[in-house]
Amino acid sequence: MRRSVPILFLGDSPALAGGLSRIGRDLATLLTRRPEFRVGFLGRGGVASRQLPFAQYDFDESKQWGEGYIEHVWADFAGKETGIIFSIWDASRLFWLACPQYLQQSSLKSFLMGRNFRRWGYFPIDSIGPAGKLTTIARETLAGYDRRLAYTAWGQQVIENSTGRAAEWIPHGLNTRTFSPQSREKGREFLGPRAHIDDLVIGCVATNQSRKDWGLVFTVASKLREKHPNMLLWCHTDLMERYWSMPALINDFGMGGNVMVTTNRMTDGEMALAYSACDLTLHPGLGEGFCFPLAESLACGVPGITGNYGGAPEMVPCKDWLVEPHSWRLETLHNCLRPVYQPEDWVSAVEKVLESNVSTETCTSAVSHLSYENLWPVWQRWFLEGLK
């Protein structure tokens, strides 16, 4: 009988609420059902949970990306067996793993150079560089992997153009039984007394990161209020103060009477109610590898507006819901090309959605393929093909 292959996931802790954690948790849990694999997870942040059906190793966020733990964890999890390290992170975090030849002489370098594992990676490609390709560190990292998987067709093309090596793509899965259209009345009741049944409710679900342009959201909302004084902007984020100050945005735009902010961790069922309370949603990421909130909004029958850059546009069923960049800028040490938008273009897109009377089916059919019932067989084939 063939022994199961040890596969160690590497990424954000599966116990956390973020998108990368969710992807890793879902895939690792589903993969435990396959006898061909023995699953473990080296996760950044969070605390191990006995509710998850795989071996868990956690390290603090202050300890970088697992460099100081990978050797010990692999020895404990796999021993001398040959296996797989499967990362679910940006390439910029994994240069040490993919290109150990550049490390100073150490036990980590010896371990990685003499590896008894293959490198597989699921990469959230959300931008390109100034030459239309990823910059040097990302390119070398991707080239150092044995298998390269993107979230979208756009991401696959960026990887292949940047490295000259083959890549594949598979989207994330979504529980479309839970994320499905709910009663608008019940949704507004869930949001609370500020969400009146006759209000125009616009939602935005995004973490408090610099790449999530909350300033754009509030600028757009303030302009929409001029025509729709009964507008309510529902913002769901993780922290009130981080890269953006939500209280400052509310005060500076004079939006106190038109904004409600939630930061509590909600269940998927509660999120489905909140999405269903909205007339539409805004997705202000300046480049997305995928965009979970957009997929969730559409699955709940609510149209979502996003910029025409990155992987998110692939799931948008109507071109009027895509906002074209006005100009471009570079950011971070990795020269990520990011779009600059005109708020007026987002306002125009909102008005088009409101005038078009979008059907629930138009939204739900755009993401029906993301149901894990449909998608998991695709993922299983990908995992099993890697063992051949």
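Helix H2 (residues 70-77) lies across E1, strand E2 (37-44), E3, E4 and strand E5 (117-123), and runs at about 145° to E1. Helices (H or I, at least four residues) and strands (E, at least two) are DSSP runs, numbered from the N terminus. Axes are lines fitted to C-alpha atoms, for helices over the stretch in contact, with angles from 0 to 180 degrees between N-to-C directions. Helix H6 (residues 153-163) also packs on the sheet, where it touches strand E6 (147-150) and E7, its direction making about 140° with that of E6. Contact here means heavy atoms within 4.5 Å.

The model is predicted, so local features need pLDDT of at least 70 and side-chain atom pairs count only at pLDDT 80 or more, while totals for chains, interfaces and linings use all residues. Residues are numbered from 1 along each chain as its sequence is written, and side-chain values use heavy atoms, with hydrogens and water left out.

**The parallel sheet**

The sheet is open and has 7 strands in the order E3-E2-E1-E4-E5-E6-E7, with parallel pairing. Strand E3 (55-59) and strand E7 (168-169) are the edge strands, each pairing on one side only. Two strands pair if DSSP finds at least two bridges between them. Strand E1 (residues 5-12) and strand E4 (residues 83-88) are joined in the parallel sense over 5 bridges, and Ile7 has Ile84 of E4 as its bridge partner.

**Helix H1**

The 13 residues of helix H1 (residues 19-31) should span 18 Å at 1.5 Å a residue, which agrees with the 18 Å between its end C-alpha atoms. The expected span is 1.5 Å times one less than the number of residues. Buried residues of H1 are Leu20, Ser21, Arg22, Ile23, Gly24, Leu27, Ala28, Leu30 and Leu31; buried means under 20% relative accessible area, exposed over 50%, and partly exposed in between (1.4 Å probe, protein chains only). These buried residues pack against E1, E2, E4 and E5, and also against helix H11 (292-299) and helix H14 (372-385).

**Two helix pairs**

Two packed helices are described by the angle between their axes and the distance between the axes.

| Helix pair | Axis distance | Angle |
|---|---|---|
| H7 (residues 184-191) and H10 (residues 268-276) | within 7 Å | roughly 110° |
| H5 (residues 136-143) and H6 | 9 Å | about 95° |

Angles under 35 degrees count as roughly parallel, over 145 as roughly antiparallel, 65 to 115 as roughly perpendicular and the rest as oblique. From H7, the contact uses Arg184, Lys186, Gly187, Phe190 and Leu191, and from H10 it uses Glu270, Leu273, Ala274 and Ser276.

H5 is likewise roughly perpendicular to H6. Arg139, Leu142 and Ala143 of H5 meet Ile159, Ser162 and Thr163 of H6.

Strand E14 (residues 327-331) and E15 run antiparallel and are joined by 5 bridges; Trp328 has Pro339 of E15 as its bridge partner. The two strands E14 and E15 form a hairpin with 4 residues between them, and Thr332 in the turn has a positive phi of about 65°. Strand E15 (residues 336-340) is mostly covered, with 4 of its 5 residues buried.

Thr135 is placed in the loop between E5 and H5. With a relative accessible area of 18%, Thr135 is buried. Residues up to four places away in sequence not counted, Thr135 touches Pro130, His334 and Asn335.
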